[in-house]
Amino acid sequence: MMNHPSHLNISPQTHGIAFNGLLAALALVLSAVEMMLPPLPLLPPGAKLGLSNIVTMYAAGAVGLWPALCIAVIKGLFSGITRGFTAMLMSLSGGILSTSVMWLLLHIKSRPFGLIGLGVAGALSHNAAQLFIAALLTTPAVVYYIPWLIIFGILAGILTGLVLRIIMPLLDQLKYNG
Amino acid sequence: MFKKQDIFLIIPFLLIAAALLIWFGSKPNSGIAVVEKNGAELYRFDLSQQTSAQEIDVGGSYHVKLLLEPGAISFEHSDCRDQICVRTGKLTKPGQAAVCLPAKISIKIVGKNKDFDGYTG
């Protein structure tokens with residue numbers, strides 16, 4: 001997993017576990033910060049930035065599918081603790097599907113999409129999974145919500161991609177030199 | 001910054017969203033208009049069954065007139081001072097309401113089908 005030996009003289013496995021823990025913590029912090037943001041008046045209810053998806057997206061690319069899924073599950077359990085069972089189902093379904101989709105897109109040989117395309121694909125699949133769960137839990141009438149979820153999913157996905165462009169070098173530095 | 005493929009991914013989804021919005025918006029409104037005076041129900045109109053515009057004279061001391069149209073209902077006239085009811089305009093969706101307080105007349109649209117209970121995300 002590690003390309004460079006750490007100067008702290010710890011094993012690559014230890015370093016990997018610590019780094020995954022760091023990413024999970026980062027995802028939780030971003031979720032918590034997002035929960036504190038007031039709902040924007042222009043956005044429809046339920047539309048969120050999905051800041052913590054930045055981390056699952058990075059993890060899908062940098063540490064592999066299973067650690068990334070673990071982060072998504074930890075994020076889901078955290079929503080369960082702080083916001084209740086429905087929120088946990090929503091977070092788990094969206095997180096697991098979007099992480100898998102982003103991982104798949106990252107592992108197509110030709111690497112067709114840039115970070116923005118990946119962010120959009122992740123956000124849209126996240127919304128799709130959540131909408132499916134919402135339709136099961138409440139009423140199929142939530143299909144009327146699809147157009148807004150697509151539009152705000154695209155916006156949030158573009159933002160996710162742009163932010164990851166900026167913080168990727170910092171995370172890589174932590175990964176290799178931490 | 002945007003790869004060409006990213007754009008190709010985004011545009012189809014935007015088109016789908018636009019098409020769905022237009023489709024959902026063009027569906028006839030299936031609400032039922034309920035007219036109440038002093039809290040007691042006077043009339044009940046099925047807006048989706050309405051095919052032409054029709055004026056309903058509720059009368060009373062303010063000569064309230066309602067305008068019933070396909071998919072919409074509004075206060076057309078009232079002698080009241082504030083004209084809040086008239087300025088509310090057309091009601092088209094379940095949940096909307098307009099009230100003429102001096103005349104104690106209210107109109108509201110209730111849904112035929114079960115509507116959204118709430119959202120989560």
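**Figure 1. Contacts of Leu66(B) in the predicted model.** Leaving aside neighbours within four places in sequence, Leu66(B) is in contact with Val35(B), Ile56(B), Val58(B), Ile73(B), Phe75(B), Glu76(B) and Ile107(B). Two residues are in contact if their C-beta atoms, placed from the backbone, lie within 7 Å. Leu66(B) sits in strand β4 of chain B, residues 64-69. Why does Leu66(B) count as buried? Because 25 other C-beta atoms lie within 10 Å of Leu66(B). The cut-offs are these: a residue is buried with 20 or more other C-beta atoms within 10 Å of its own, exposed with 12 or fewer, and partly exposed in between. Val35(B) is 31 residues from Leu66(B) in sequence. In space the two are 9.4 Å apart, C-alpha to C-alpha.

This is a predicted model, in which local features need pLDDT of at least 70 and side-chain atom pairs count only at pLDDT 80 or more, while totals for chains, interfaces and linings use all residues. Residues are numbered from 1 along each chain as its sequence is written, and chains are lettered from A and ligands numbered from 1 in the order in which they are written.

**Figure 2. The open sheet β3-β4-β5 of chain B.** Three strands form this sheet, with antiparallel pairing. Its edge strands are β3 (54-59) and β5 (72-77) of chain B, and each pairs on one side only. Neighbouring strands are turned by 25° against each other on average, direction ignored. Axes here are lines fitted to C-alpha atoms, for helices over the stretch in contact, and angles run from 0 to 180 degrees between N-to-C directions. How many bridges join β3(B) to β4(B)? There are 5. Two strands pair if DSSP finds at least two bridges between them. Look for Gly59(B), which stands opposite Val64(B) in β4(B).

**Figure 3. Chain B as a whole.** Chain B holds 2 helices and 7 strands. Helices (H or I, at least four residues) and strands (E, at least two) are DSSP runs, numbered from the N terminus. Their order from the N terminus is α-β-β-β-β-β-α-β-β. Of the 121 residues of chain B, 19% count as buried. The average pLDDT of chain B is 84, and 88% of the residues score at least 70. On this scale, from 0 to 100, the predictor states its confidence in each residue.

**Figure 4. Helix α3 of chain A.** Chain A has 6 helices and 0 strands. Its helix α3 covers residues 65-83, 19 residues in total. From first C-alpha to last, α3(A) reaches 26 Å, close to the 27 Å expected at 1.5 Å a residue. The expected span is 1.5 Å times one less than the number of residues. Which residues of α3(A) are buried? They are Pro67(A), Ala68(A), Ile71(A), Ala72(A), Lys75(A), Gly76(A) and Ser79(A). What covers them includes α1 (12-36), α2 (53-62) and α4 (85-106) of chain A. After α3(A) comes Gly84(A), with a positive phi near 105°.

**Figure 5. Where chain B meets chain A.** Here 19 residues of chain B are in contact with 26 residues of chain A. The chain B side divides into 12 nonpolar, 3 polar and 4 charged residues. Ala, Val, Leu, Ile, Met, Phe, Trp, Tyr, Cys and Pro count as nonpolar, Asp, Glu, Lys and Arg as charged, and the others, Gly among them, as polar. Helix α1 of chain B spans residues 4-26. Its buried residues are Asp6(B), Leu9(B) and Ile10(B). The buried residues of α1(B) pack against α5 (115-137) and α6 (146-177) of chain A. The predictor gives the complex an ipTM of 0.78 and a pTM of 0.69.
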